[in-house]
Amino acid sequence: MRTQDRRNRGSVLWIALVAIIVAMSVTLSMLQTSVSNSKAQDKFGAQTNSFFSTHGAVELVMSDYYGRYNVAAAANQAGLNFDVWLQSDLSSSGTAFSTLSSGSNDKVGEDFRLGPVSWTPAASASASPTRDASTIITRAIPTKFNGDLDGDRMVTSVRLYRKLRPIPGSYIVDLLIVVETQKNVGNTASAQTSASASLTAGDKIDILQPQWESQLFTFQSPPTFNGFDYALLTKNVSCTMCHLQTRNRARVDNLNNYTYYNGLGTAAGTATATALKSNWNKFERTKVGITENLTLRSNSMYSQIEGTLFQRGTLQVEGSGAPISASSFVADTAWSTQFNNGRTTINQDTTTGLTTKIPFVNNLTDLTTTPPTLPAPNGSAYLNYGTTTNQMTDGGLPSSNFPCPFPEMPSTVAVKNNLGTTVQTINGPNNAIDAGEIAAASQDLISRLNPTQPSTLKGGITLMIPAGASTTAYDSPTLPSANGVAVPVKTSATIDYAGGTAAGTAGTITTAAANITSPATGGTASYTGNAVLLGTAANPLVIDGKVLFDGDVILRGYVKGTGQIYATGNIYIPGDVIYANANVGTTAETFGVASDGTQNLVSVVAGKNVVVGDFLSQITGWDSNNSNQFTPLKLTTVTNSSGTATNTLTPMPGSFESGKKQSYVAPANVINTTTTTFVNAQSLGKIGSVQMPAGTKYASGTVVGSTAFGNSNEPNFIMQQLTIYNRNELMKCMPNLPTNDPTVATSYTTAGGAVANTVAAGAPAASAYDANYIPKFYSFYPYDSANPQTNPALALIYNGSTYNTTNKSWSGATDPHGFDYFTSVDNMPVGSISNAAMFAKNIINVAPNWIAPATMLRITSSEQENRVAVLADVENGTAPNYQVPDRRLDGAIYTKNAVLCIERSKAQHYDSATGTWSRVNTVSGGRVQVNGALIAPDTGLLICDGPEHDSWPSRQNFIINYDARVRNLLTIANQDFSSFNSWGVARVTMMRNTGFAPPAP
């Protein structure tokens, strides 16, 4: 029990203290060797007590300041700046921060000076802060805690060291709290400190038993985003919930390693296996969070979450939008994992180490009733999870406002109509990455290994294509496999790479090892342009800290080190991203640690999207085993001299482009000519169908028969997902919600049945109308505003879809297979959407503008063919090596926008020698494993194996193995534009030291 004793005992106790010290000195000198063991035990006990007391004293100081700040902030409804409050609070007790001069006698302060540089706040809120040329440290020495007692320990000194980092978009206060405690010998703290000056160094240690501890806390406004506690966190889930499994990466590694060492048959192997087995039943659960909508196909999920599902918003049937009750969900084909009693650790079989799947138990009541005020924690499912702190009893679930990794800084946008007239002025975030926001994200490009140095990216094989190069700059159907290779590019610009060294000639770039770092001239660890970053097992990419690319990045292969790869554009992952771990790909792999002991922990952070695998192929239907999977088919008609026509239908995978609406010519218009035309492999319903001429055969000689074909190409899965995201986004810009055909103007009038887009009228809170909201829309290719119908990925609604205010969802098919279901936002009826949506929208393209689609399709094909299995999985693999062929993605994946991926058991293969395409089995078999976390508001993931995606596979196809280390890898701030009045705090480091704290002049 900590007590306070601050009475001034004066000279009497001073004399008593000296007497006690003398007496203790005499007693110590009389100790005999025979009691040395007892002395050692007593000393150990005293040291242990001093550790706990000193740590508790630091916690006391921290809780005192931050607790009282929170009380003051709660009383101040307009918000309260923590730094302003702290200075005022210190001043009220006669203490203040003073600048600590460089080269001072304060070792703690000088150590604190290292690391991130400080900034000087601007005089006004609208001005930008100034980066300090020499880091400024201020120090305060409060005395209010001196003399506080904890058992036989006394607080004798407290110091606060402060560093300000009000970088653009975020205000950070680094506060280092240093506390020293000593054994209480019956005097005041100041008297005891003075008296100790007369003691020898040895007597000081033996009698006063000093101990000091320092802890660094980072106070940040806006607070940091806490979404990285989740294996998967997203706004909307549909297909992703099919065949999903989440596991604890540490538990998987433990079981893999146990299997390896247990199978060695040696004494050392058995001992190691026994030690690994002792950790069973100690691994924490994983978490999956869904913040807006969970859409399901009943009885076809087959998903298992090794932990807890947190859901908020609507829970409904795909297509119809009918609500699903909590009781129906927990009885469906999705499961949790058995926990250990009273805990959230995962229960493992004591013989095999495997887990047991069990049905979810909802810790909240049915969605149609009122949830309990305080749901019980440590459950497996929280459906319709609360939004307030007291309701979130099992931990926080972030809101749908996923923060941008490039801090959103309010700006002024003049909304101009097609005539150039300003119709609205908006002040606030614009959902675009501006130059100032890139500069703000560039302020912490600092080495993890040595905070006084810049971050770096070295090694591997890289190509750096500068900004301003041709829109189809990269012109090779494959990615380079070695350094020193000249790769063709369509540009005459000066090519620079690896930190600015000129290389190659016009039309080529010579690959070289990465060398991204801060040059001596004072630049930052960044690159302006597009980059190809490749690593091999022998030559991995080596990262240290955060590295930023103002452009797109293609990333593939082995990576080593700790850091983040930021890109303002898209990050494309055509193959695998693999940590260069010791024994990688085997059951003996030391996940997250290289053979030389280097920690491997990486995140990829995209300002636009993270795009995995082949996102371009046009695909008909779900069945990848269908011989006509890839469209289009080419109809060739050859007429002989007798006038007899021979019609041949040939699959043409790799032809035409996804994301563009291309109506095909009906065969009847080209019969008896040598002109070829194209048809879809299947009829697409609403857009009609055509029959082949009588006698038409496939190239194999098989007669086509009476099969009906489509007369338009089909959008692929990613294209369809983009339209859903665009529709959700545009809802925020609809004054009224259409309950009739949304392509007709009358659907947005009261007479036409429209309802106001407000929460009260049935709209979700996240989708309520905001006239000042600037939306973001996905476009498959760089947006062509003059001809939007040829690029309808910038789409809103499937024709005929209406909004159901009862179900809070759009009616109609979720993924219709036809471009004619899409309506471009540019063609929305007049008055149906806000001026901001029509004239100030931000377009986020998925495909790169520096690689032609045909080239990118060949790249993804070659990457699929060159993949090799590099993942051991005892639970899913087969003895003796337990290798599985799944696509492997190591690290944390984050974006404010979309993560997009199609992974199938069949894929397109391009033969560069013959220039032809064929359908082949994929190396992955249609499976993906993420070893880290996947955090994105929009997740367009189609990962399916077997003849039908609804069939039950031998195991789950999409596995996220959560790596808890990613929790502290990214410090992305929530968006807050209230003059830095909302603050969060994180403990950064802690250091304990015996002996007296270094002198503080």
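**Entry 1: the second largest cavity.** I began with helix 11, which gives the most to the lining of the second largest cavity, three residues. This is a predicted model, and I kept that in mind throughout. The space inside this cavity comes to about 90 Å³. I then looked up which elements supply at least two lining residues each, and found strand 10 (232-237), helix 11 (717-731) and strand 42 (776-779). The lining residues include Lys-235, Asn-236, Glu-292, Tyr-725, Asn-728, Glu-729 and Lys-732. Ala-766, Ser-767, Lys-776, Tyr-778 and Asp-938 are also among them. Sorted by class, I noted six charged residues, three polar and three nonpolar in this lining. For the whole model, I wrote down 10 cavities of 30 Å³ or more.

**Entry 2: the chain overall.** Next I stepped back to the chain. I counted 13 helices and 57 strands in its secondary structure. There are 1001 residues, and 55% of them are buried.

**Entry 3: cysteines.** How many disulfides does a search of the whole structure find? My note says zero. Cys-404 counts as buried because its relative accessibility is 7%. Cys-733 counts as buried too, because its value is 0%.

Entry 4: I picked Val-288, which sits in strand 12 (residues 286-296). Is Val-288 buried or exposed? Its relative accessible area is 1%, so I marked Val-288 as buried. Leaving out residues up to four places away in sequence, Val-288 touches Tyr-230, Leu-232, Thr-246, Ile-305, Thr-308, Leu-309 and Phe-310. Tyr-230 is 58 residues from Val-288 along the chain, yet their C-alpha atoms are separated by 5.7 Å.

Then I turned to Val-988, found in strand 57 (residues 984-994). With a relative accessible area of 46%, Val-988 is partly exposed. Setting aside neighbours within four places in sequence, I found Val-988 in contact with Leu-216 and Thr-218.

**Entry 5: backbone details.** Where is Pro-880 placed? I found Pro-880 in the loop between strand 48 (871-872) and strand 49 (883-884). The peptide bond leading from Ala-879 to Pro-880 is cis, and its omega is near 10°. Tyr-882 has its place in the loop between strand 48 and strand 49 as well. Phi of Tyr-882 is near 60°, a positive value in a residue other than glycine. I marked Tyr-882 as buried because its relative accessible area is 17%, and the cut-off for buried is under 20%.

My last stop was Asn-583, in the loop between strand 31 (577-579) and strand 32 (601-606). Asn-583 has a positive phi, near 55°, and is a residue other than glycine. At 44% relative accessible area, Asn-583 is partly exposed.

Note on methods
Residues are numbered from 1 along each chain as its sequence is written. This is a predicted model: local features need pLDDT of at least 70, side-chain atom pairs count only at pLDDT 80 or more; totals for chains, interfaces and linings use all residues. Side-chain values use heavy atoms; hydrogens and water are left out. A disulfide is a pair of cysteine sulfur atoms within 2.5 Å. Buried means under 20% relative accessible area, exposed over 50%, partly exposed in between (1.4 Å probe, protein chains only). Helices (H or I, at least four residues) and strands (E, at least two) are DSSP runs, numbered from the N terminus. On a 1 Å grid over the protein atoms alone, a cavity is a set of points where a 1.4 Å probe fits but cannot get out, and a pocket is an open set with protein on both sides within 12 Å along at least five of seven lines; lining residues have an atom within 4 Å of a point. Grid points are joined across faces, edges and corners, and a volume is the space filled by probe spheres set on the points. Ala, Val, Leu, Ile, Met, Phe, Trp, Tyr, Cys and Pro count as nonpolar, Asp, Glu, Lys and Arg as charged, and the others, Gly among them, as polar. Contact means heavy atoms within 4.5 Å.
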